[in-house]
Amino acid sequence: MSRVQLLATCDVDGFSEHQHLMNLRGVSNVLFEDVLFKGFRGDGAYIGGNSSSVGRHNENISFVRCRFDGINRQNRNGISFIDINGGLVDGCVFTNCTAPNMPGAIDMEPNPTNTFAIIKNVQIQKCLFANNGGNLGEVGLYVPDTVTAPPQNITVVDCASSDYAGTGSFASFNTNRSPTASSVENDYRFIRNDVRGGNNPFTIFDGKRITFDGNTFIDMRDAGLLGATNAVRDVKLLNNEFIRVGSVKAIGLKLCKADYVRISKCLFSDCGTGAAGSYALDFNVGTSSFIDIEDIIIDTPTGKTLVGIVKEAAHTFTPATNSFYRNRLNGLGNWFQAEESDSIITTYAPVVGGASTVGSGTYTQQTGIFYRLGSRVFFKIRLAVAAGHTGTGLIQVSLPLPAAWVGPAGLMTLCPAGVNGLVTSGGVTARLTPAASLNGVQGTLRIYASGTGQFNQITIPAGAFEIECSGEYTTSAA
């Protein structure tokens, strides 16, 4: 169908959810080219499905340079893909689409009874979205849990959105299932889109293998959201700009339940409102692991952002899996937790034990901090132990991470140490002993005093004592 106008009367007859301008089911190899869909009361184009076990699917449906004009935002969707394998929406315009209680301009959403429906191999490119509404998204995907197949291979690339008036997002993605290491990859790609003025940049409820690359989000009321209900896994946020995002709800990007997320070369500028609770990145209710943050910039030219990265009390990090490198937060606070970092200092509580009998003591001060660069661990400790430590034998102090076997006979001098409360002769050093372990961590620091021609290990004294040192060593931790 080419160079045809399909006209209806939503401005006269009003909303009617199932009165579509075009209704297709079980078709293949259909092309709409330079077609005007105007005034639709339901959908401009409905690409339907069925609940039969036969599973008839729509294949290779293309919309090229079409215009979807809802006139008054009192209609359903511009395009509904209920069942599709091979959909192309290329160079189309969507304007004035969607009533407040309906999804949005493009909606990929099988009916719950269409259990055999599929949503896969859909390309949406070079489209313009302007002045639309709805409650899901300009480009929305929702697959009920009754539908067997998860969505696959969805790309939204080189599109532009402006003046979105709805309560949803530019991109919404919900498969209603939690991904695992062995589950099907969704391969959802969102590339080089320009989104200006709207509600959320995106809401990704769940999914596996999701990429946002080279997108710009400007003047958005609410945050981008990852892992809102189930979880997300294998996510890349690369080269994106979040500028004045969270102008009403105060947050630029919110992460909840997430694993294997890489945030790289992104800009967060003036995210927030300037009032309490204004953050660029917020780790909200949920648990995360394998979060890598690198080469990001967080700035606030007009003071809208108060904290760079926040960890809410209801969020649980897995610091041993996280990394944080080469980031510029321009003095804004950072509550991220990562063992591998070139700037984050992680705390731990070192303990003293005897090499013969570990024992226990009372600490008037027990401070340890460290960070990790690859396999190198940089640490500093300070311990003040009251009289009466029950350990016997040589003094040893616990490490933050397990030590690798390096140096002659696994013994390596790390650093000078400051020790009070001991009777020693000569200088005092802390030396690494990988063969020992303390507090559940392989490797210990043992304290030595230099005597005449030799180093002498120091035993735990009866009285109070203090130990302070800093140094670096190689860890065996992955």
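Trainee: Which residues lie nearest the centre of the largest pocket?

Mentor: A caution on sources comes before the reply: this is a predicted model, in which local features need pLDDT of at least 70 and side-chain atom pairs count only at pLDDT 80 or more, while totals for chains, interfaces and linings use all residues. Residues are numbered from 1 along each chain as its sequence is written, and side-chain values use heavy atoms, with hydrogens and water left out. A pocket is an open set of points on a 1 Å grid over the protein atoms alone, where a 1.4 Å probe fits, with protein on both sides within 12 Å along at least five of seven lines; lining residues have an atom within 4 Å of a point. Here the largest pocket has 15 lining residues, and Glu17, Arg76, Pro103, Asp107 and Glu109 lie nearest its centre.

Trainee: How does the lining of the largest pocket divide into nonpolar, polar and charged residues?

Mentor: Ala, Val, Leu, Ile, Met, Phe, Trp, Tyr, Cys and Pro count as nonpolar, Asp, Glu, Lys and Arg as charged, and the others, Gly among them, as polar. The lining comprises six nonpolar, five polar and four charged residues.

Trainee: What is the strand order of the open sheet of 12 strands?

Mentor: Strands of a sheet pair through backbone hydrogen bonds, either parallel or antiparallel. Strands are DSSP runs (E, at least two residues), numbered from the N terminus, and two of them pair if DSSP finds at least two bridges between them. In this sheet the pairing is parallel and the order is β2-β5-β8-β11-β14-β17-β20-β23-β26-β29-β32-β35. Each of the edge strands, β2 (22-25) and β35 (333-334), has a single partner, so one side of each lacks a neighbour in the sheet. Within the sheet, β11 (residues 106-108) and β14 (residues 137-142) run parallel and are joined by three bridges. Aspartate 107 stands opposite glycine 140 in β14.

Trainee: How many aromatic pairs does the structure hold?

Mentor: Rings of Phe, Tyr and Trp (its six-membered ring) pair if their centres lie within 6.5 Å; planes under 30 degrees apart count as stacked, over 60 as edge-to-face and the rest as tilted. The structure holds 27 such pairs. One of them is stacked: phenylalanine 37 and phenylalanine 68, 4.5 Å centre to centre with 5° between the planes.

Trainee: Why does this pair tie together parts that are 31 residues apart in sequence?

Mentor: Phenylalanine 37 lies in strand β4 (residues 36-38) and phenylalanine 68 in strand β7 (residues 67-69), so the pair links those separate parts.

Definitions and conventions:
Helix = DSSP H or I, 4+ residues; strand = E, 2+ residues; numbered from the N terminus.
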